[in-house]
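Visitor: I'd like to learn how to read a model like this one. Could you walk me through a few features?

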Amino acid sequence: MNYRIEKDTMGEVKVPADKLWGAQTERSRNNFKIGAPASMPLEIVYGFAYLKKAAAYANCDLDVLSKEKRDLIAQACDEILEKKYDDQFPLVIWQTGSGTQSNMNVNEVVANRAHQIAGKVIGEGEKTIQPNDDVNKSQSSNDTFPTGMHIAAYKKVAETTIPGVIKLRNALHKKALEFKDVVKIGRTHLMDATPLTLGQEFSGYVSQLDHGLKALQNTLAHLSELALGGTAVGTGMNTPKGYDVLVAKYIAEFTELPFITAENKFEALAAHDAIVETHGALKQLAVSLNKIANDVRMMASGPRSGIGEIIIPANEPGSSIMPGKVNPTQCEALTMVCAQVMGNDVAISVGGTQGHYELNVFKPMMAANILQSAQLIGDACVSFEEHCVIGIEPNHQVIKELLNNSLMLVTALNTKIGYYKAAEIANTAHKNGTTLKEEAVNLGYVSAEDYDEWVKPENMVGNLK
């Protein structure tokens, strides 16, 4: 392999000649061979590209960086955002807790690419743009990584998670309206309960997602606060006056998202409560989605030896040995996603506690987990909507059989003959394998005519449609 020599404060390093990164990236690449190579999410890299471009513009406006250097840095960042250099970011999540190596990876790639844009050859002559003095001007890894993390997380939640959840929510709402007159037996403790409509049941799922969306959207204000301008410990050392507000303004302009500078940079560097908060809302959605998916798979169980109240789409064969078997695969995929998100929340909660004095040192792990959770929930909601929910149909015959066979319809007699006589009817019918009507009449508590008048499932579902 051909190499070139790059230098940093620790000396010379051999770097593959065809790569844009420099000495510090190469050191990290060899020092942290933990897990999958290049596992640092590219969304973080793109977040860095936005902030490096914004920093160049702010520094130029504040007369600490030339226009020529600003434009070279900006062009290199734009090319990164165009995904031209995804293969130039080989670092892993499991590195320093401040993400310093990833910050320098971006600095080095931007500097070397800017050198090329200026018409020069990497490794020959003095660098046109310096990774530390120019690309990293007015910055520290301690304020750039949390800024990149917030940019990436906000974009992922806004562009993937929320649209995916809304898509599923709307499909469930449509089904709730379609099923508003389908009366079925209710279940509590997994046991028969009084009736409700299938539409009412689905309306509960809609409400869960409405609350989850509200919780998630309520976290975005905190997530929109950027640490950039705090530099090493939150004091803003080595930044020109007004830089923090101006750089946030440029980031908001370039991303078209409402980012602002954090009012307190000490909190923004030392604590990542915004990430904990947003992921808490993602966990809430995961809990809701898990309940919804489990209800669907249990109601669809069978098709002949289970509950079988609803019919879900048959998307693929369910068994390599049992012919004709079809499984609730979308429900299983969604609940696995939910389990992963709940696990990620534990990791993020632990990570959030690792803010020792002026710096949280679990940044890369927290960033990777929230991005994975946000992506998974958005994708899984779309998949569940497209391949399951829109095809759900009631199995009217089974619903009617289960409803009419339920002993809990006797609850309608409570106000007519009292709880204890109604319970006697239910217990006797269960013991004898007879119907409620038969035992109500046999015990002399209700006439056949009164039973038919009083025990009507459609009148037991309330007024909530």
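Guide: Let's begin with contact, meaning heavy atoms within 4.5 Å. Ile 80, for instance, touches Val 45, Tyr 46, Ala 49, Tyr 85, Phe 89, Val 109 and Val 110, leaving out residues up to four places away in sequence. Bear in mind that this is a predicted model: local features need pLDDT of at least 70, side-chain atom pairs count only at pLDDT 80 or more, and totals for chains, interfaces and linings use all residues. Residues are numbered from 1 along each chain as its sequence is written, and side-chain values use heavy atoms, with hydrogens and water left out.

Visitor: Which residues touch the most other members of the largest nonpolar core?

Guide: In soluble globular proteins, nonpolar side chains tend to be buried together. A nonpolar core is a set of buried Ala, Val, Leu, Ile, Met, Phe, Trp, Tyr and Cys residues joined through side-chain atoms within 4.5 Å; buried means under 20% relative accessible area, exposed over 50%, partly exposed in between (1.4 Å probe, protein chains only). Here the largest core has 103 residues, and Ile 44, Ile 80, Leu 172, Phe 202, Phe 384 and Ile 392 touch the most other members. Helix H6 (residues 141-178) gives the most to this core, 13 residues; helices (H or I, at least four residues) and strands (E, at least two) are DSSP runs, numbered from the N terminus.

Visitor: Is Met 1 buried or exposed?

Guide: Met 1 counts as exposed because its relative accessibility is 73%. Met 1 sits in the segment before strand E1 (3-8).
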